[in-house]
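Q: I'm new to this one. Can you put it up and walk me through it?

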Amino acid sequence: MYRLYGVRAASVLATVLVALLSSPARAQEPYQYESDLVAKRRVYHDVGAGFHEIRRGPNGNYYVLAAPAPAVLIYDPSGKPVGQVPSSSAAATKGTAIVYGESFDVDHEGRVVVCDRGAKAVKIYSPSGALAATIPMQVPVSVVFLPGDEFAVASPDAEHLVTAYDLAGKIVRDYGDREEIANRADLNTQVNFGRLVVDDMGNNYFYFEYLPEPTVRKFDHVGYLALEVSLKTLEFEPAAQAARKAIARSEDSEKSIPSLHRIISAVGVDPQTQELWIAIGTLLMRFDKDGQRLSSFRTFLPNGGRLEPSQILVEHDRLLIGSDPQGVYEFPKPEKLPQ
């Protein structure tokens, strides 16, 4: 079932849950309509193998992270390269260049924060591209900026799903309960691998990459759980059962190495409307801000090939969807729901 949570009184929450259980949400019903979503064109042609993430920064510029690469590349609105972070001059300083960037974000001032897994650190760069801070961290997987000069990091070996820091690297809070579904610590660590996206209100969304049941959790800017989308319908049950069987097989042998399959491949959020776009393989689903499933698509390249998103950037009039090694493509953003 979808589980909807808020910071309301217990009596009100109980009433809502009873209503949901007695009358399933529309998004939980079998969704029969599915249409093709075909890319218009490829953008940033020099970005392909190693692509990780794309973000929109100030002045309409776009920032792109690939790995391994020593810097985040900056493009103007026309797609012309205009710079990099760290800047070319700053990158010459020892410890400034990115070793292996896993994730990054850019704020409205042009500051950039990077999960540098190669350096086992999170690095913060000033708008000019100079290294401002290095925060040691064993397994930083995903990072987003939060309001109030803070940033949030997802790390699978942390006590909670998300840890928020100030710009000096001091922990200010952590939140989000881990999923412990196995007896082995290494299996649980892999299950709790996840990534973050954020909207303009500072709500941050954590999605589990390997949890058998596709799950996205929405937290407000101070860490309270506001919404959980957990897909447990018949449509997703066979894949979930197969994933749990793989976990059970791994538990049978202490010497086996966990080898779970990625379930959710990407999540994007509309920064204004808070609509969610969730990709599971080539299946791209659109949800409203309350977790109701609106429509479903299959993503294709202009030549008809399939595209499995690894990142979704939702804009007012289009979607930018990237994948390694295909690169980044512009997709139309459907305005009308299928009838």
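Predicted model: local features only at pLDDT ≥ 70, side-chain atom pairs only at ≥ 80, totals over all residues.

Q: Fine. Which residue takes a positive phi in the hairpin of S13 and S14?

A: Gly 169 does, with a phi near 95 degrees. That hairpin has four residues between the strands.

Q: And how do S13 and S14 pair?

A: They pair in the antiparallel sense, over four bridges. S14 covers residues 171–175. Within this pair, Val 162 stands opposite Tyr 175.

Q: What else does Val 162 touch?

A: Leaving out residues up to four places away in sequence, Val 162 touches Ala 152, Val 153, Asp 174, Tyr 175, Leu 196, Asn 204 and Phe 206.

Q: Which residues touch the most other members in the largest nonpolar core?

A: Val 162 is one of them, along with Ala 152, Tyr 175, Leu 196 and Phe 206. The core has 23 residues. Elements that each supply at least two of its residues include strand S11 (142–146), strand S12 (150–154), helix H2 (185–191) and helix H3 (237–252).

Q: What about a second core, how many residues is that?

A: The second core is separate and has 17 residues, among them Val 197, Val 229, Ile 264 and Val 269. As a general point, nonpolar side chains tend to be buried together in soluble globular proteins.

Q: Changing topic: where is Gln 274?

A: Gln 274 lies in the loop between strand S19 (266–269) and strand S20 (276–280).

Q: Buried or exposed?

A: Gln 274 counts as buried, because its relative accessibility is 14% and the cut-off for buried is under 20%.

Q: What does its side chain pair up with, for Gln 274?

A: The side chain of Lys 218, through a polar contact of 2.6 Å. Beyond its neighbours within four places in sequence, Gln 274 is in contact with residues including Asp 199, Tyr 205, Val 269 and Asp 288.

Q: How many bridges between S9 and S10?

A: Five, in the antiparallel sense. In this pair, Ala 121 stands opposite Pro 136.

Definitions and conventions
Residues numbered from 1 in each chain as written. Heavy atoms only, no water. Pairing = 2+ DSSP bridges. Core = buried A, V, L, I, M, F, W, Y, C linked by side-chain atoms within 4.5 Å. Buried < 20%, exposed > 50% of the residue type's maximum accessible area, 1.4 Å probe, protein only. Contact = heavy atoms within 4.5 Å. Polar contact = N/O pair within 3.5 Å; in protein donor to acceptor, adjacent residues only side chain to side chain.
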